[in-house]
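Work through the exercises below with the sequence and the model in view. Try each task before reading its solution.

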Amino acid sequence: MGLGILASRTIRPASRLLQSQSSNFFLRTIVSKPELQSPESAAVSEPEPPTQILPPRNPIGGARVHFSNPEDAIEVFVDGYAVKVPKGFTVLQACEVAGVDIPRFCYHSRLSIAGNCRMCLVEVEKSPKPVASCAMPALPGMKIKTDTPIAKKAREGVMEFLLMNHPLDCPICDQGGECDLQDQSMAFGSDRGRFTEMKRSVVDKNLGPLVKTVMTRCIQCTRCVRFASEVAGVQDLGMLGRGSGEEIGTYVEKLMTSELSGNVIDICPVGALTSKPFAFKARNWELKATETIDVSDAVGSNIRVDSRGPEVMRIIPRLNEDINEEWISDKTRFCYDGLKRQRLSDPMIRDSDGRFKAVSWRDALAVVGDVIHQVKPEEIVGVAGQLSDAESMMVLKDFVNRMGSDNVWCEGTAVGVDADLRYSYLMNTSISGLENADIFLLVGTQPRVEAAMVNARICKTVRASNAKVGYVGPPAEFNYDCKHLGTGPDTLKEIAAGRHPFCTALKNAKNPAIIVGAGLFNRTDKNAILSSVESIAQANNVVRPDWNGLNFLLLYAAQAAALDLGLIQQSAKALESAKFVYLMGADDVDVDKIPKDAFVVYQGHHGDKAVYRANVILPASAFTEKEGTYENTEGFTQQTVPAVPTVGDARDDWKIVRALSEISGVKLPYNSIEGVRSRIKNVAPNLVNTDEREPAAFGPTLKPECKETMSTTPFQPAVENFYMTNSITRASKIMAQCSAVLLKK
């Protein structure tokens with residue numbers, strides 16, 4: 001016999017006695033607090049205290065309010081506290097400034113207001129009923145009450161409705177422990193519900209290999225729908241049906257193909273949308289969080305690496321308004337499983353039979369030190385990979401220079417790239433500054449696959465201000481209105497001469513922005529193309545004292561720092577004539593150009609393309625295992641932080657080269673990472689100023705006139721496969737699935 005039946009038999013005689021005494025008496029306690037049983041009568045019976053202005057409280061989350069015009073400030077009262085907010089603020093925003101946290105499910109600060117969930121109900125003086133604070137504009141003198149019995153009972157009622165069809169999946173739900181519904185039902189909900197009907201169920205949707213759906217848990221907040229259409233720029237999700245048959249899904253059976261699709265996992269307030277690769281792997285309280293940055297592209301998105309022991313379990317975004325806001329690309333979020341596959345863990349030497357055998361560090365470095373003295377200085381070549389940090393590139397350059405060679409460069413920087421003036425390879429507007437532009441000219445770049453977060457800024461600007469976008473390059477897909485002007489340099493000539501129809505829009509623009517893709521750096525006529533772009537900029541007032549709209553979008557995390565440090569290829573034939581090649585994580589080098597008799601050293605963390613040509617392998621640490629400095633495409637310097645220990649016998653890149661220099665007889669004069677940074681300070685001081693953006697000091701006016709002519713060859717895509725661009729993503733099983741499923745034509 002259950003406890004519930006025993007309790008009911010005990011209570012039944014007492015209830016019959018009460019009914020016999022008074023037929024009008026009704027005993028039923030629903031709410032958890034006695035004063036909420038009749039909030040209207042409680043409000044009437046209690047005399048209203050005199051209005052008392054209390055001192056201000058700290059805003060929620062350290063929020064700050066900027067008044068562009070002090071005359072636009074209005075004063076409202078939140079629970080008796082006076083607070084000044086700008087005109088246009090909602091009641092919910094005013095409460096946050098006043099230090100009051102209002103519960104919400106559908107409201108998100110970066111999405112449009114929907115007002116679906118009604119969880120944010122508050123009481124406003126002279127209003128006949130509670131109002132939804134997320135959709136109600138704050139008015140001068142408004143008196144807002146967030147803690148009254150009416151507001152509390154309204155929230156309990158809303159929560160009761162939300163939980164009516166929500167399954168009891170918390171023990172098996174991946175959102176458990178970081179679920180808004182859990183937190184707010186504990187803080188604002190009742191301790192019981194009145195619904196005894198069967199819960200409804202919804203068929204799960206297949207959104208692809210990244211997002212797992214359990215749509216029965218969905219509370220129809222429509223955050224994912226608004227994110228897909230407003231931020232990701234794709235119309236993949238929508239609301240179907242009415243009433244109890246209402247559900248979120250795709251209109252027809254299809255996958256979510258956006259490069260930002262993983263962000264719906266973060267904004268979903270319940271467990272309806274979760275990470276498919278992370279499903280049932282760990283609970284959030286088991287994980288160690290490390291705040292670091294991403295190196296999969298040149299944006300440098302701020303991320304948090306969650307690890308358990310030696311393994312990276314997941315990557316989620318970190319707020320940075322100037323770079324990635326609070327979004328990250330799918331490649332950044334899901335490439336982490338590549339960090340544990342195909343790793344190099346021990347130094348290895350290739351035997352005479354062509355097979356690798358593991359050796360000690362002393363033996364491996366001794367072999368390299370012997371060989372490097374048997375070749376001429378001009379036959380020594382060093383190539384840094386696209387994931388290299390500034391410290392390792394500085395040490396590699398010093399080492400190769402001390403051996404008597406100038407042949408040291410970074411992937412992506414072709415022969416003769418001009419690095420004397422920083423404006424010619426940085427995003428001079430800054431990533432956040434793109435929001436002030438009213439027209440964009442994209443030259444040889446596809447931001448959607450080259451830098452997804454820069455593309456998200458452009459999409460945001462186009463939606464907010466109807467900015468026009470013109471594109472010169474091969475046919476490509478954009479998630480905003482874009483006019484394809486042409487495919488190659490001929491179109492640039494027309495625009496530079498003022499003969500193209502797009503010139504009128506450029507002339508009339510207040511803040512025009514030109515974005516040039518770094519893929520053009522590998523063309524033989526790059527100087528002529530950049531000269532043509534600069535003439536377009538001068539003719540259309542793109543570069544002014546108050547606005548610099550001439551931008552270059554780099555491809556790799558190491559590119560900006562490499563150009564600052566002077567890692568530039570001097571000769572096109574350097575690789576073909578080399579006898580000693582040192583590849584520091586360089587996997588995209590054309591190994592077929594390396595002579596058969598050349599000695600190749602590969603230093604890196606993954607057994608990728610270049611390993612098969614190596615004579616000696618030196619294992620290095622990945623970006624999640626070391627402290628390193630990176631500069632993003634706008635010149636913003638950031639540092640990675642070690643999240644997990646190194647794999648096997650791997651070492652940091654700069655330490656390996658420093659040890660090799662000592663064995664080779666050209667000992668470098670630093671023994672610590674601080675010493676390396678002191679050396680960097682002499683070469684590129686901006687790389688030492690962490691978390692600061694150093695803009696370019698000079699513009700195109702100092703550049704000499706170009707005598708070269710442009711070829712008629714059309715521009716080519718710089719990125720063929722968004723999901724496989726470096727050694728980590730190529731080792732990732734998740735990225736392989738995305739490449740196979742989402743890029744299938």
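**Exercise 1: strand pairing**

Strand 11 (residues 302-308) and strand 12 form an antiparallel pair over 6 bridges. The model is predicted: local features need pLDDT of at least 70, side-chain atom pairs count only at pLDDT 80 or more, and totals for chains, interfaces and linings use all residues. Residues are numbered from 1 along each chain as its sequence is written, and side-chain values use heavy atoms, without hydrogens and water.

Task: find the bridge partner of Ile303 in strand 12, then place the strands in their sheet.

Solution. 
- Step 1. Two strands pair if DSSP finds at least two bridges between them.
- Step 2. Ile303 bridges to Pro317 in strand 12.
- Step 3. The sheet is open, has 3 strands and runs in the order 10-11-12, with antiparallel pairing.
- Step 4. Strand 10 (288-293) and strand 12 (311-317) are the edges, each pairing on one side only.

**Exercise 2: helix packing**

Task: how do helix 4 and helix 5 pack, and which residues meet?

Solution. 
- Step 1. Helix 4 (residues 149-162) and helix 5 (residues 180-188) pack at about 140 degrees, axes 10 Å apart. Axes are lines fitted to C-alpha atoms over the stretch in contact, and angles run from 0 to 180 degrees between N-to-C directions.
- Step 2. Arg155, Glu156 and Met159 of helix 4 meet Leu181, Gln184, Ser185 and Phe188 of helix 5 (heavy atoms within 4.5 Å).

Technical notes. Helices (H or I, at least four residues) and strands (E, at least two) are DSSP runs, numbered from the N terminus.
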